[in-house]
Amino acid sequence: MRHLLAVAALVSALPVTAQEAAPSRSSAVVEKSIDELQAMLASGKWSSARLTQAYLDRIEAIDRKGPTLRSVIAISPNAMEQAQASDARRKAGKLLGPLDGIPVLIKDNIDTIELPTTAGSLALVDNWTRRDAPVVARLRAKGAVILGKTNLSEWANIRSNNSMSGWSAVGGLVKNPYALDRTACGSSSGSGAAVAASLAAVAVGTETDGSVVCPSAMNGLVGLKPTLGMVSRTHVVPISHSQDTPGPMGRSVRDVAILYSAMVGKDPEDPATMDADNYLANYAAGLSADALKGMRVGYWKPDMDQDLAARFDKALDELRAAGAILVEVKLPELKGFGDAEAEVLYTELKDDLAAYLATTPASVKVRTIADAIAFNEANKAAEMPFFGQDGFIRAEKTRGTKDAEYLGARAKSLRLAGVEGIDAMLKAADARLLVTPTYGTPWLSDPAHGDHFDGPSASELPAVSGYPHLTVPMGLVDGLPAGLSFIGMAESDGLLLKAGYAYEQATRARVVPRYLSSAPADLGPQKLK
């Protein structure tokens, strides 16, 4: 508890100036893109230090007070020092690129040198590894200011099937800026809510299955789950080496493309990234409002409520107006797919988490899933007030990655997701990519019953196959954000960004959050905004 309070002190001890000065300064960064922030810096009227302070003021005003989003779990104690270093580079004419001086938030299952990595669990409050994950090191090398760490669904939402997304014992429950009683989804809930609320320009999340695209869609953001192996997973608290990947989250496709360009690259410690340097690129450079013209795009209509279906139909009309040639496809019946994926995730969790924990400092006492289970039981009141750890218990019972059942499940899930899933739909439509609603809209946060995934979900096939998945805002449905998914073959990340950008420019569908206590019951014509 002493160390937990130390983490909390990092969060609360923000360098805020006079109370009356905070709103005017922090409001200057609201909804500002990376390009707009760079223009502010280039004008000489703003420094990176002033910009960083504005975001810190806004975190104090929005995250700790006001709506109390609880999206930021800790502030980097050297954030201002990083910003001042950027200002010195600017003065010397030695800028490192479009991220230089731009504050970025990092999900708290990714190691950063200046803060502990807790994954939201009290078991890891002493996990100060004093190292940067390679993905963070890449951002620093481009001059990004690592502003702090974001809250998340504890252990990236794998501890229990009955979890409440966005809750962690360390950070509490993340609130959705569009309706404070609704889920921010997970597990990258803090990254999603923080960027939606302009607490940073952009953020890094991680995904195993849906953890970037769900919080992006439900917080009115753009989010990219990259092709597996484009971005290093080293020093990231893992679930599954077959599916885990960090991904960029932002308020626009261009911002996500800029952030992604700095994240891609080979890491000798992560075999999946051996070819990543072949895809080093400026992914923002090729974005065009005309990218959809003449492009064949497949789409499928999942089961969904009437209002979401109407918004998706409108999105299809918008894609056609932007020049896309749309072809309807059917989602194949993939018997046993969910069970096969689950077998893979729980088996790999047991081994992969133990491998990560073995690299943590001696102050961390948990070294295995069994240790984590015992810790949670010993700290039940704090760790399990709402839901248990059936996921951890199932993982502990698995028999390892050489077990025949695991090997069969991995082969089956890959085949169903790829050859018989995405590949088959693309072939049937003779299309370059697929579109469908990302998820439904945010459900009520429910401590008693957990999450309510009762709408569509587009994340499973690209998550299991390792293919890229981009979500872009479709606007509001019943006052709540909904996302449109763009899915393609492996290494088509750039194509998805181009298509998503063209859709975004044609629709300008994103709506700024208003921090309502709950979603309005009747919006009339605004339902399809």
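The largest cavity in this predicted model has a volume of about 80 Å³. In total, four cavities of 30 Å³ or more were counted. The largest cavity is lined by 16 residues. Closest to its centre are Asn109, Thr206, Thr208, Val237 and Asp244. By class, the lining holds six nonpolar, six polar and four charged residues. Two strands contribute to this lining: β6 (202–207) and β8 (245–250) each supply at least two of its residues.

Both strands also belong to a sheet. This sheet is open and has 11 strands. Their order is β1-β3-β2-β6-β8-β7-β12-β13-β11-β9-β10, and the pairing is mixed. In general, strands of a sheet pair through backbone hydrogen bonds, either parallel or antiparallel. The edges are formed by β1 (72–75) and β10 (325–328). Each edge strand has a single partner, so one side of each is left without a neighbour in the sheet. From one strand to the next, the twist averages 30°.

Strand β9 (residues 296–299) pairs in parallel with strand β11 (residues 433–437) over three bridges. Within this pair, valine 297 stands opposite leucine 433 of β11. A helix packs on the sheet as well: α15, which spans residues 404–429. Helix α15 touches β9, β10, β11 and β13 (480–487). The direction of α15 makes about 110° with that of β11.

Conventions:
Residues numbered from 1 in each chain as written. Predicted model: local features only at pLDDT ≥ 70, side-chain atom pairs only at ≥ 80, totals over all residues. Heavy atoms only, no water. Pairing = 2+ DSSP bridges. Helix = DSSP H or I, 4+ residues; strand = E, 2+ residues; numbered from the N terminus. Axes fitted to C-alpha atoms, helices over the stretch in contact; angles between N-to-C directions. Contact = heavy atoms within 4.5 Å. 1 Å grid on protein atoms, 1.4 Å probe; cavity = no way out; pocket = protein on both sides within 12 Å on 5 of 7 lines; lining within 4 Å. Points joined across faces, edges and corners; volume = space filled by probe spheres on them. Nonpolar A, V, L, I, M, F, W, Y, C, P; charged D, E, K, R; others polar.
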